[in-house]
Amino acid sequence: RPIAEGGLLFGRDAVRAAWLHDILEDTAVTAVDLAARGVNPNVIAAVESVTKREGESYPELIQRSAADPLGRYVKLADNAWNIVCSPALAAVDQARAERMLDEKYLPAREALLTATDLTLGTHGYTALIERLRLHLRRLAGHLPEPSLSPRGEGHGWVVGGYSVTEL
């Protein structure tokens, strides 16, 4: 969900792809299944671009994600969420958190920022970080959760009054 919230900054297809960003990796759903459900081919391509392939290194995944016009924004939101959550990991395992930041997430962020023509100081990236920090505060119980409700069988989920397929 935080990745989809971050995707709001980059357009409706970014939100769609962000909602689905882990579906191919974490479930039995395939790209063919998504197409059969009417998911936009650009969204499917973005989801495929952010899905880790067997035997693929993290830098290879980032390179492939960065090459997709939509996937780069979805992976940037995913990467930003990992960076925003890093202090929580550091509270448990500081050495691991520092290693992941230095070796994985910060180099990936640079590649993704370059691909999106954003920089750390641009409004799009700072707004993304702020949106994700707000989400983290909600998770910690410091802010109320926005509404998220099922629309019924076959209609998906509603965020802010829109179903994922309507966005």
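**Entry 1: a loop residue**

I started with T51, which sits in the loop between α5 and α6. Helices here are DSSP runs of H or I with at least four residues, strands are runs of E with at least two, and both are numbered from the N terminus. Before going on, I noted that this is a predicted model, where local features need pLDDT of at least 70, side-chain atom pairs count only at pLDDT 80 or more, and totals for chains, interfaces and linings use all residues. I also noted that residues are numbered from 1 along each chain as its sequence is written, and that side-chain values use heavy atoms, with hydrogens and water left out.

Is T51 buried or exposed? T51 has a relative accessible area of 10%, so I wrote it down as buried. The cut-offs I use are under 20% relative accessible area for buried, over 50% for exposed, and partly exposed in between, with a 1.4 Å probe and protein chains only. Next I listed the contacts of T51, leaving aside neighbours within four places in sequence: H21, L24, E25, E56, L61 and R64. Contact means heavy atoms within 4.5 Å.

**Entry 2: the whole chain**

I stepped back and found ten helices and three strands in the protein chain. From the N terminus on, the order is α-α-α-α-α-α-α-α-α-α-β-β-β. The chain has 167 residues, and 40% of them count as buried. I looked up the contacts with a separation of 6 or more, and 56% of them join residues 24 or more positions apart. The chain exposes about 9200 Å², with carbon and sulfur atoms supplying 54% of that. Such areas come from the Shrake-Rupley method with a 1.4 Å probe, and for residues only the protein chains shown count as cover.

**Entry 3: α6 meets α7**

How do the axes of α6 and α7 cross? I found that the axes of α6 (residues 58–67) and α7 come within 6 Å and cross at roughly 135 degrees. The two helices are therefore oblique to each other. Axes are lines fitted to C-alpha atoms, for helices over the stretch in contact, and angles run from 0 to 180 degrees between N-to-C directions. Under 35 degrees counts as roughly parallel, over 145 as roughly antiparallel, 65 to 115 as roughly perpendicular, and the rest as oblique.

On the α6 side the contact uses Y58, L61, I62, S65, A66 and A67, and on the α7 side G71, R72, K75 and N79. By class, I noted five nonpolar, three polar and two charged residues. Ala, Val, Leu, Ile, Met, Phe, Trp, Tyr, Cys and Pro count as nonpolar, Asp, Glu, Lys and Arg as charged, and the others, Gly among them, as polar.

I then checked burial along α6 and found Y58, L61, I62, R64, S65 and A66 buried. The buried residues of α6 pack against α5, α7 and α9. A67, also in α6, is exposed, with a relative accessible area of 57%. The C-alpha atoms of A67 and L112 are 9.2 Å apart, although 45 residues separate them along the chain.

N79 is in α7 (residues 71–84), and I noted it as buried at 0% relative accessible area. Not counting residues up to four places away in sequence, N79 touches Y58, Y105, A108, R109 and L112.

**Entry 4: the core**

Which residues touch the most other members of the largest nonpolar core? Among its 37 residues, they are A17, L76, Y125 and L128. Such a core is a set of buried Ala, Val, Leu, Ile, Met, Phe, Trp, Tyr and Cys residues joined through side-chain atoms within 4.5 Å. α7 gives the largest share of this core, seven residues. I also listed what Y125 touches beyond four places in sequence: L76, A80, I83, R109, L113, L118, T119 and L120.

**Entry 5: two last stops**

D117 is in the loop between α9 and α10, and at 68% relative accessibility I counted it as exposed. The phi of D117 is near 60 degrees, a positive value in a residue other than glycine. Most residues other than glycine have a negative phi.

L134 lies in α10 and is partly exposed, with a relative accessible area of 38%. I found the C-alpha atoms of L134 and P2 separated by 9.5 Å, with the two residues 132 apart along the chain.
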